[in-house]
Amino acid sequence: MNNRPIVLFAACWVSGSAVAAALPFRGVLLIAAAATLLAVAAVAGKGASWRLAAVCLLALLLAAGQRMWADAANVTSLPALQAAAETDGPRAKYPAEALGTIVSAVDVDGDRVTFHMEADAIHVEGHKPLADSAERLMVQLRLAAQPEQAIAAAWQRGDRIAVAGELAQPATASNSGGFDYRRYLRSQRIHWLLQAKGAAAVTVRPAASPTAAAALLGRVDAARAWLGARVEELYPGPQAGYMKGLLLGLREDIDPGRFQQYAQLGLTHILAISGLHVGVFMYVLGSLLKLLRLRRERIMTVLMASVPLYVLMAGAAPSVMRAGVMAVLGLAAARMGKLKDGLHLLSAAAVGLLLLDPYYLDSVSFQMSFIVTLGLIAGVPAVRGMMPARRRGGPLFDLLSVSIVAQIVSFPLTIYYFNQFHLLSLPANVVVVPIVSMIVLPLGTASMIVMPIWGTGAGWIAQLCRLVNECTYWIVEQLAEQSGLRLIWGSPPAWWIAAWLLLAGTGFRLMTSLRHSRNSHAAARQLTLQQTAPLDNGSMQAYEWESGSVRRARTYRFAVGTVLAAAVMLLGYAYMPDKLDTQAKISFLDVGQGDAALIRTPSGKHILIDGGGTVSFRKPGEEWRERRDPFEVGAKVVVPLLMKRGVKQIDLLVISHLDSDHIGGLRAVADVIPIKRAWWNGTVKQASDAMELLQDLLDNDVPLQAPALGDTLQLDAHTELLVLGQGEERNDTIPLVQDQNEASLVVAVSLYGRTFLFAGDINSATEGLIIRNAIELSGRKGNEPSRIGIDVLKLAHHGSRYSTSDEWLAYWRPNAVVVSVGAYNTYGHPHPHVLDRVKASGAELWRTDDGGEVSFALTREGILVNRRP
């Protein structure tokens with residue numbers, strides 16, 4: 001690599017930035033010391049010149065320093081308010097008025113409007129006003145009436161506005177491994193939410209400078225919106241969102257269901273503007289310029305000026321910025337006759353973007369774009385060289401090698417961030433990517449270019465494009481329906497990702513060496529065969545050359561086999577990382593105002609008790625409030641958490657009762673994760689979500705059972721479930737019960753002899769019945785009736801004032817109590833009287849609304865609480 005100093009410099013720069021982002025200051029110092037020793041060793045061993053070693057070490061240190069400086073500077077301009085918020089708690093809100101400039105596109109989605117605001121004046125009641133500094137805010141506005149949508153749609157980047165609302169800190173991750181909104185916004189240098197109600201809370205004022213950067217970008221937003229409207233004219237209906245995402249990077253209107261299908265097959269990169277799109281844009285524009293008979297140098301100059309405009313019009317995401325920077329650098333180098341290879345362009349683009357903003361490194365788009373591009377540059381020649389020569393089927397093998405390499409290098413990030421991999425992903429990419437890149441993208445681009453000058457012709461082109469899209473949709477749907485081939489992977493550790501990428505790079509290098517060895521062997525063999533005279537010095541050299549090439553080929557084949565074996569071992573670990581773990585775990589997930597508990601047994605089986613749910617209070621005539629992709633706790637919280645934790649199958653689903661806050665998220669679970677069997681309370685309810693869930697379970701061939709009082713289930717040697725009762729009498733028919741609370745299924749779960757009691761939403765009247773059932777069950781085997789001891793009690797009905805009586809607590813005598821409740825619920829849960837009764841019982845209390853998820857780890861030795869009260 002001595003002949004690639006730019007590549008080494010970039011690798012050290014990225015490494016330094018990553019180290020500073022992931023480790024504390026002491027860790028950075030240790031890495032810097034280790035890098036210094038490594039540089040000295042490389043110079044001493046003549047593996048690198050002192051100048052190259054010094055430059056690489058300097059790159060690592062400068063990148064680490066830049067990131068640490070950025071982190072130190074990334075603080076709020078309202079430190080006193082932040083200190084007050086830390087004292088008052090995460091739910092604290094402060095009335096405030098802010099004056100500033102809109103610095104992002106304005107997104108109007110149903111009754112919700114969001115945008116970024118650069119505030120230069122903030123007045124908070126009881127606190128010193130902001131002065132002589134700026135604070136970037138995330139403005140969240142809830143509209144009061146439908147006409148306000150048009151008002152908000154007229155706002156644009158660069159507008160000077162005043163907003164009256166409440167300041168609040170962004171939420172942190174309330175579940176282990178969940179989405180950390182505060183961290184996400186911090187990477188955009190945002191530390192506060194400004195929440196307001198009604199368009200009247202926003203006052204637009206004349207802009208201070210019509211030529212400011214934000215105002216110019218506002219014109220870009222307007223142009224993108226105008227182009228989006230033209231796309232909607234050409235592609236009306238469901239295809240409009242797809243084509244806007246494909247051509248302009250406007251992904252907000254893509255159908256969520258279709259996007260999910262593409263995500264399952266690893267095809268979402270098609271909808272992310274990147275090198276493919278930039279390449280098609282340059283090809284179409286270059287072809288048009290050739291028709292105008294422009295010289296090659298002039299065409300490259302025009303392309304260099306046009307690519308940045310395209311990057312802006314496509315949304316300037318990290319992936320398209322990477323492709324745009326590489327394209328401009330490549331055109332400039334080609335124009336000067338100094339173009340070497342893509343690796344140098346990629347390295348320069350990486351350093352340039354991280355110099356612009358070190359937080360780009362935290363972006364999934366940035367990571368995926370650069371790693372895949374690096375893999376294609378390094379791996380495609382190696383993999384293609386192992387395939388048949390370019391005689392017949394050359395383009396097919398070219399495409400296949402690109403797809404294979406892209407799958408290999410993107411795999412670790414795919415399972416880390418998305419926790420799934422479809423075995424049909426490779427054929428899906430081989431079939432769909434050429435259709436999109438060679439047909440849909442050119443046709444879509446052509447239809448937009450032709451539309452202003454020949455509307456009828458543009459319509460013909462768009463009609464052909466729509467037919468191709470329908471064929472693509474059909475292919476994707478057929479492949480995505482093979483759900484049995486979709487594998488769920490828990491998020492692997494960082495060392496595993498590094499090991500996989502290092503192994504992939506080693507494999508590509510060995511394949512290249514093996515190909516060269518095969519070619520050398522063939523040449524030596526040919527030379528030996530040409531020798532017709534008795535062995536002389538020349539023929540002896542040819543024979544020795546052939547023998548040496550054979551030995552090298554065998555060595556390389558053995559090394560490739562070793563790499564493949566190591567890859568299989570890494571895959572096995574990533575797919576079953578806790579295969580030998582005998583620790584049991586019960587996690588009470590934070591799903592807001594609802595219930596959901598995930599149990600992992602000592603043998604690795606999984607039980608899910610309820611799945612949370614979002615209760616809608618939407619009134620007739622308020623359909624305009626509906627958002628493009630409404631928040632649904634199952635799809636947005638429960639399913640991602642289960643997948644991130646590697647839950648590949650739910651061995652038992654327990655549905656305590658059919659109220660929405662307990663079952664609303666289970667339809668999403670049933671659609672994604674296989675369920676082996678389900679228990680429910682044996683009733684039905686006239687509600688769409690209840691009937692749809694039961695039907696989904698039946699359609700998926702899930703055995704649905706209503707267990708009776710005293711039924712037990714032994715999932716493994718250390719896990720037992722005991723049914724303590726339900727509020728409804730059983731008979732030959734399934735009763736219709738609208739008020740489901742008292743019909744809740746009550747289950748005691750024992751792990752390593754420790755018992756957890758789940759009582760659904762029963763109230764005190766039913767609690768007495770459950771106690772009598774427990775007394776009866778304890779004496780069934782001829783023993784004297786006694787108390788069934790429990791260790792942890794989940795408060796029934798989220799701590800309602802009508803539940804958790806003194807008698808209930810006195811009988812069970814739990815050591816700990818958990819209440820699953822929403823932070824901003826309007827029911828007054830948990831009720832103060834219940835909290836007083838729990839405190840008087842001596843049990844410790846954990847709340848999901850104050851600290852998030854509560855989890856317990858259990859072993860033969862005892863029980864460990866992973867979140868303190």
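Leaving aside its neighbours within four places in sequence, with which residues is threonine 601 in contact? In this predicted model, the partners are Gln583, Ala584, Ile607, Leu715, Asp716, Thr719 and Leu751. Threonine 601 lies in the loop that separates β11 (597-600) from β12 (606-609). The relative accessible area of threonine 601 is 0%. Buried means under 20%, so threonine 601 is buried.

Alanine 678 has leucine 704 in β15 as its bridge partner. In general, strands of a sheet pair through backbone hydrogen bonds, either parallel or antiparallel.

Both kinds of pairing also meet at strand β4 (residues 135-142). Strand β3 (residues 112-124) runs antiparallel to β4, and eight bridges join the two. Here histidine 116 stands opposite methionine 138 in β4. Strand β6 (residues 192-197) pairs with β4 in the parallel sense, over six bridges. In that pairing, leucine 141 stands opposite alanine 196 in β6. How many of the eight residues of β4 are buried? Six are, so the strand is largely enclosed by the rest of the structure.

Helix packing was examined next. The axes of helix α8 (residues 239-248) and helix α16 (residues 425-450) come within 10 Å. They cross at roughly 95°. Because angles of 65 to 115 degrees count as roughly perpendicular, α8 is roughly perpendicular to α16. On the α8 side, the contact is made by Tyr242, Met243, Leu246, Leu247 and Leu248. On the α16 side, Val436, Val440, Leu441, Gly444, Thr445 and Met448 take part. Nine of the residues in this contact are nonpolar and two are polar, with no charged residue.

Helix α12 (residues 318-335) and helix α14 (residues 364-385) have axes that come within 7 Å and cross at roughly 40°. That angle makes α12 oblique to α14. From α12, the contact draws on Pro318, Ser319, Arg322 and Met326. From α14, it draws on Ser365, Phe366, Ser369, Phe370 and Thr373. This contact holds four nonpolar residues, four polar residues and one charged residue.

The cysteines were considered last. A disulfide is a covalent bond between the sulfur atoms of two cysteines. A search of the whole structure finds zero disulfides. The cut-off for a disulfide is 2.5 Å. Cysteine 56 is buried, at 11% relative accessible area. Cysteine 465 is likewise in no disulfide. For cysteine 465, the nearest cysteine sulfur belongs to cysteine 471 and is 11 Å away. Is cysteine 465 buried or exposed? Its relative accessibility is 0%, so cysteine 465 counts as buried.

Terms used. Residues are numbered from 1 along each chain as its sequence is written. This is a predicted model: local features need pLDDT of at least 70, side-chain atom pairs count only at pLDDT 80 or more; totals for chains, interfaces and linings use all residues. Side-chain values use heavy atoms; hydrogens and water are left out. Axes are lines fitted to C-alpha atoms, for helices over the stretch in contact, and angles run from 0 to 180 degrees between N-to-C directions. Helices (H or I, at least four residues) and strands (E, at least two) are DSSP runs, numbered from the N terminus. Angles under 35 degrees count as roughly parallel, over 145 as roughly antiparallel, 65 to 115 as roughly perpendicular and the rest as oblique. Contact means heavy atoms within 4.5 Å. Ala, Val, Leu, Ile, Met, Phe, Trp, Tyr, Cys and Pro count as nonpolar, Asp, Glu, Lys and Arg as charged, and the others, Gly among them, as polar. Buried means under 20% relative accessible area, exposed over 50%, partly exposed in between (1.4 Å probe, protein chains only). Two strands pair if DSSP finds at least two bridges between them.
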